[in-house]
Amino acid sequence: MAIVGSGFSGLGAAVRLDEAGHRDFVVLERGNDVGGTWRDNTYPGAACDVPSHLYSYSFALNPNWTRSFSTQPEIEEYICGVAGRAGVLDRHVFGCEVTRAAWQEEHHCWALSTTRGTMTADVLIGAFGALAEPSLPAIPGIDDFDGELFHSAQWNHDANLAGKRVAVIGTGASAIQIVPAIADTVAHIDVYQRTAPWLLPRFDRPFTRAERWAFRNIPGVLRLARAGIYAAREVQVVGLAKNPRLMKLFELLSRAKIRAEIRDPQLRRKVTPNFRIGCKRMLIANDWYPALDRDDVDLVTDGIREVNGHSIITEDGTAREVDAIVVATGFHVTDSPMFDTICGSDGRSLSQTFADKGMRAYKGTTIAGYPNMFVLIGPNTGLGHTSMVYMIESQLNYVVDAVTTMTRRGLSRLDVRQEALDAYNEELQHKLTGSVWMTGGCASWYLDAHGNNTTLWPDFTFRFRAQTKRFDVDAYETTASRNNQAGAVDEL
Ligand code: NAP
């Protein structure tokens, strides 16, 4: 088996397969360590929006989290620790980028080309992540900018921003952490906002010594903390997915926050969103509005026309000179470049397969025409309100059971039936129609070029857990392996 990527999902796959006795796998990782997005996103202020007791593996609870919402270094350290303790690093190949994966119908395997050579695998597990490929804005002249220029996920730590004039493009989850974190160091920040985000309070605090003692020593406390966070977050699904009108309550809270944290009435107007809260990801921060309210921070809401030399020029013709530009414009989510590299049984790439109706998979994991392939954090498994690790672990239950089924039944090929995939997606899209993501009046990366929401899970997450609990082989066309055909037919 080949696992592509070693972030939370790929590493989780390695650990869970290993535990289940499926030890013949290799993890191909283009970076130099495990951690994925938590290895790459080292920008100042990087931290998680989901409390760590929930944003961690259920099979590797951590009593040592120092605060309720962990920072990037602590999460990266946790992931590295899990990898080391699980004993799966011996099957990792680092600095190995998969450049092409093509299904070989004749041999029932995947042929992989990588930057470190070629290989074949019976099973391909795509754990390349949804937030892995930085999306750069197509602003005329930006490539010829005379100063420092980098994406939030590729922070240049050699660039000394102290005393410099800095532009930050974007006001998403990354930007709202970066700006307050660098505001004291730099001379001036121009924040370029295209759409104002809705903000809620961040209930972040260090754990007390007593709490940490309890996490370490009292059985069940960690699980209880986790369950409490899970339940509190899951309640939001009622408003987000079922009854968007309920989201108005959050809007009131957010408006009160604007009034409390910003003095300037004009700035208050600029930061007040014009869509229903929840339509785009709700952000949590207590230092974003105070940072914007500083005299040395300007919020620019005019669109960017071009970059010229050292200046960013907006549509109204104003030129603002800067020494550095931080591009915090997000990721290629619905158009990942990985989709060009994976070719299925008819030779078509995933990009081609997704071209008509957007990204679609069965249970977010398998795609018709791509046998023996499982995608983690696949289509419609994303969340805005709670822990992605929960979704990943649900998928891992499914994948491990699939591999066990293949082994037990002697199957060399599994391909999800197109009708099962279609029916699944029809129901999914039906559930999404009334959700705030579709009706809230915003443009977001949750929607693809066709206007379909192919990214989010539209229901309670425990429902996804239930439907991925067991591998449902009946939804698949299966082929017994040549070696095992006699035995397999008996079992089938
Ligand atoms: P993002 O949410 O996609 O935000 C990108 C920002 O850049 C938006 O404000 C967007 O404006 C703006 N933008 C994009 N293209 C632009 C252009 N051409 N010109 C001007 N502005 C442009 O990206 P992100 O902040 O990196 O976050 C991505 C995801 O990563 C999050 O949703 C979250 O899932 C995850 N994340 C989580 C955390 C956390 O847990 N604390 C932190 C960082 C990231 P529009 O809104 O108008 O599109």
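Start with the open sheet: select its 5 strands, which run in the order β8-β17-β9-β10-β13 with parallel pairing. Keep in mind while you look around that this is a predicted model. Colour the two edges next, β8 (148-151) and β13 (297-300), each of which pairs on one side only. Turn the view to look across the strands, and you'll find a twist that averages 15 degrees from one strand to the next.

Now go inside the sheet. Pick residues 165-169, strand β9, together with residues 324-327, strand β17: these two pair in the parallel sense over 4 bridges. Show the end of that stretch, where isoleucine 169 stands opposite valine 327 in β17.

Next stop, the ligand. Select its surroundings and you get 22 residues, the closest being Ala47, Asp49, Thr171, Ser174 and Thr195. Colour that shell by residue class and it splits into 10 nonpolar, 8 polar and 4 charged.

Arginine 281 puts a polar side-chain atom 3.1 Å from a ligand oxygen, while glycine 172 has a polar backbone atom 3.4 Å from an oxygen of the ligand. Switch to a surface: on its own the ligand has 910 Å² of accessible area, and the protein covers 83% of that.

Last, zoom out and colour by domain: domain 1 is 2-133 + 332-480, domain 2 is 142-205 + 240-327. Why does the ligand lie between them? Because both domains give residues to the shell around it.

Terms used. Residues are numbered from 1 along each chain as its sequence is written. This is a predicted model: local features need pLDDT of at least 70, side-chain atom pairs count only at pLDDT 80 or more; totals for chains, interfaces and linings use all residues. Side-chain values use heavy atoms; hydrogens and water are left out. Two strands pair if DSSP finds at least two bridges between them. Axes are lines fitted to C-alpha atoms, for helices over the stretch in contact, and angles run from 0 to 180 degrees between N-to-C directions. A residue is near a molecule or strand if one of its heavy atoms lies within 4 Å of it. A polar contact is a pair of N or O atoms within 3.5 Å; within protein, one must be able to donate a hydrogen and the other to accept it, and residues adjacent in sequence count only if both atoms are side-chain atoms. Accessible areas come from the Shrake-Rupley method with a 1.4 Å probe; for residues, only the protein chains shown count as cover. Ala, Val, Leu, Ile, Met, Phe, Trp, Tyr, Cys and Pro count as nonpolar, Asp, Glu, Lys and Arg as charged, and the others, Gly among them, as polar. Domain bounds come from an automatic or database domain assignment.
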